Amino acid sequence: MNALLFPALLLASSQSPVPAGWIDALSTIEATRLRSIVTYLASDEMEGRDSPSAGLDKSAAFIAKAFESAGLEKGGIEGYLHTTSYTNRRGEEGRVANVIGILPGTDSELKDTYILLTAHYDHLGKNDRLEGDQVFNGANDNASGTAGVMEVAHILSRAKLKTKRSIIFVAFWGEEKGLLGARHFIESQPIPIDKIVGVINLEQIGRTDDTEAPRVAAVSMTGFDYSTFGPLFASLQEASGVKTEMHPRNSDAFFVASDNIAFAQKGIPAHTVCTAFMFPDYHKVTDHADKLDYDNMAKILRLVTLGVLSLADSDQEPRWNLENPRAKRYHDIRSGGAGNKK
């Protein structure tokens with residue numbers, strides 16, 4: 001890989017070791033807390049967190065309370081909740097909400113630019129026509145990613161870690177309906193879109209039993225070689241103990257499969273980090289909380305935390321890899337170049 005195409009890799013490798021305060025914070029990530037969060041979000045009480053539903057509302061309130069306990073600033077129109085209404089295909093109308101918390105930056109200029117850490121907290125709901133278990137609990141997809149966002153917010157606030165740029169934590173509704181929560185976030189702009197410099201989205205970080213092979217202390221990043229994100233995260237392996245890999249097929253194929261693509265289509269470098277692309281209980285009622293590896297989740301979040309801190313504390317914005325034609329199209333959207341022409 002040509003490092004000249006990826007200035008973030010040069011930056012990370014030329015810096016002094018990761019700050020001691022950052023390393024200390026990593027030791028406070030707790031597998032037991034992650035288990036507790038996932039168990040609640042993926043309980044039958046939430047009825048699969050459909051959009052809209054009472055379970056989705058309860059989940060949003062739970063996430064908002066966690067953001068409040070972490071001391072994050074409110075980013076919604078109703079406290080931490082950025083609400084709207086939604087009518088599903090069955091004609092059921094209800095309130096839905098993205099949950100938004102802000103950890104302000106400290107630099108006089110860069111604090112008004114943002115790194116987002118996101119995950120969708122919705123899932124498929126329940127199917128009354130099934131015999132036996134009817135609830136699609138969605139523990140790995142995606143209570144795991146939601147728990148990751150909540151945990152990183154908790155430890156950064158608890159450790160009082162400050163970065164030059166502000167960090168926005170967002171839990172989206174409606175990903176399973178077609179990225180609706182992420183697209184509403186972009187359209188309604190609770191955070192100015194032109195001030196967002198990068199997005200890391202967490203999806204399915206709890207299961208190590210990928211259908212191809214077990215994955216422990218390793219993650220995949222969609223669009224790994226599309227921007228400076230991939231090399232930056234790869235450079236954090238020694239400090240985090242977790243490898244960031246580029247899957248030969250799925251890295252590209254899944255780039256368009258989660259909420260990150262909504263931001264990439266606005267020209268913002270945005271990627272999804274996952275442990276398993278596919279796992280045995282994907283979109284089944286058997287995606288239960290007791291099947292996740294919470295110790296490994298804690299390891300994964302060490303990498304995610306260091307990645308978010310590195311991005312938010314850097315003077316340099318993440319950049320698309322212009323040598324990759326699949327990535328250049330997204331760069332051109334924001335720059336007003338050829339990629340923005342129909």
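Which residues does R215 touch, not counting residues up to four places away in sequence? The legends below take up this question first, and they all describe a predicted model.

View 1. Leaving out residues up to four places away in sequence, R215 touches T208, D210, S220, E245, T275 and N296. For two of these residues a polar contact joins the side chains: the side chain of R215 makes one with the side chain of S220 at 3.2 Å, and another with the side chain of E245 at 2.8 Å. R215 has a relative accessible area of 14%, and because buried means under 20%, R215 counts as buried.

**View 2. Packing of helix α3 (residues 31–41) with helix α11 (residues 294–312).** The axes of these two helices are 8 Å apart, and the helices pack at an angle of about 110°, so α3 and α11 are roughly perpendicular to each other. On the side of α3 the contact is made by A31, L34, R35, V38 and T39, and on the side of α11 by Y294, D295, M297, A298 and L301. Sorted by class, the contact of α3 with α11 has seven nonpolar residues, one polar residue and two charged residues.

**View 3. Packing of α3 with helix α4 (residues 54–69).** Here the axes come within 10 Å and cross at roughly 155°, and α3 and α4 are therefore roughly antiparallel to each other. The residues that make this contact are I37, Y40 and L41 from α3, together with K58, S59 and F62 from α4. They divide into four nonpolar, one polar and one charged.

**View 4. The largest nonpolar core, with 69 residues, and another core apart from it.** In soluble globular proteins, nonpolar side chains tend to be buried together. Within the largest core of this model, the residues with the most contacts are F67, V99, L117, F169, I200 and L202, while the largest share of the core, twelve residues, comes from α11. If its neighbours within four places in sequence are left aside, V99 is in contact with A60, I63, A64, F67, Y80, L81, Y121, F169, V170 and A171. The other core, which lies apart from the largest one, has 18 residues, among them I100, I196, A262 and F263.

Methods:
Residues are numbered from 1 along each chain as its sequence is written. This is a predicted model: local features need pLDDT of at least 70, side-chain atom pairs count only at pLDDT 80 or more; totals for chains, interfaces and linings use all residues. Side-chain values use heavy atoms; hydrogens and water are left out. Axes are lines fitted to C-alpha atoms, for helices over the stretch in contact, and angles run from 0 to 180 degrees between N-to-C directions. Helices (H or I, at least four residues) and strands (E, at least two) are DSSP runs, numbered from the N terminus. Angles under 35 degrees count as roughly parallel, over 145 as roughly antiparallel, 65 to 115 as roughly perpendicular and the rest as oblique. Contact means heavy atoms within 4.5 Å. Ala, Val, Leu, Ile, Met, Phe, Trp, Tyr, Cys and Pro count as nonpolar, Asp, Glu, Lys and Arg as charged, and the others, Gly among them, as polar. A nonpolar core is a set of buried Ala, Val, Leu, Ile, Met, Phe, Trp, Tyr and Cys residues joined through side-chain atoms within 4.5 Å. Buried means under 20% relative accessible area, exposed over 50%, partly exposed in between (1.4 Å probe, protein chains only). A polar contact is a pair of N or O atoms within 3.5 Å; within protein, one must be able to donate a hydrogen and the other to accept it, and residues adjacent in sequence count only if both atoms are side-chain atoms.
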